[in-house]
Amino acid sequence: MLTDPISDLLVRLRNGAQRRHETVAVPASKLKRAILEILKREGYVDGIEDGMRDGHPILDVRLRYVGEGQPMITGLERISKPGRRVYVGSNDIAKVRNGIGVSILSTSKGIMTDQESRKNKLGGEILCSVW
């Protein structure tokens with residue numbers, strides 16, 4: 001059993017991008033799907049497909065590359081961890097890399113980006129940052 005499934009997701013994406021894999025298999029969950037949907041909408045991954053492996057549901061994530069095989073995801077950082085949760089108000093959400101990256105937050109209205117959270121005036125737990 002994993003103690004931090006979000007960190008596992010980020011590590012799998014980072015390792016797959018560094019090794020130039022076309023797809024990465026991730027154990028499925030609603031939270032991981034929500035995070036991956038945001039990454040797809042923001043242009044960091046190409047697609048997400050449901051699948052089964054050894055009787056367990058998985059998510060096949062198609063990674064996106066630009067130029068001469070450069071991964072679209074250049075950095076991932078887990079902000080809030082199981083041992084130290086990080087909560088912010090809507091006015092305290094910092095921009096990632098001066099607006100180049102995106103933070104993913106868990107709010108009372110669901111999982112959303114930092115921009116959506118500022119627009120809706122919602123604070124919450126900062127899960128991770130991607131650039």
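At 42% relative accessibility, Glu49 counts as partly exposed, a class that lies between buried (under 20% relative accessible area) and exposed (over 50%), with a 1.4 Å probe and protein chains only. The model is predicted, so to speak of local features takes a pLDDT of at least 70 and side-chain atom pairs count only at pLDDT 80 or more, while totals for chains, interfaces and linings use all residues. Residues are numbered from 1 along each chain as its sequence is written, and side-chain values use heavy atoms, leaving out hydrogens and water.

Glu49 forms a salt bridge with Arg62, with 3.1 Å between the closest N and O atoms; the term asks for a side-chain nitrogen of Lys or Arg within 4 Å of a carboxyl oxygen of Asp or Glu. Because Arg62 lies in strand E3 (residues 56-63) and Glu49 in strand E2, the pair ties together parts 13 residues apart in sequence. Strands (E, at least two residues) and helices (H or I, at least four) are DSSP runs numbered from the N terminus.

A search of the whole structure finds 8 salt bridges. Among them, Asp4 and Arg78 bring their closest N and O atoms to 2.9 Å, and both residues are buried. In the Arg33–Asp50 salt bridge, the corresponding distance is 2.2 Å. Arg33, Asp50 and Glu37 are linked in a network of salt bridges.

Turning to strand E8 (residues 102-107), 5 of its 6 residues are buried. E8 runs antiparallel to strand E10 (residues 124-130), joined by 5 bridges; pairing requires at least two DSSP bridges between two strands. Leu105 has Ile126 as its bridge partner in E10.
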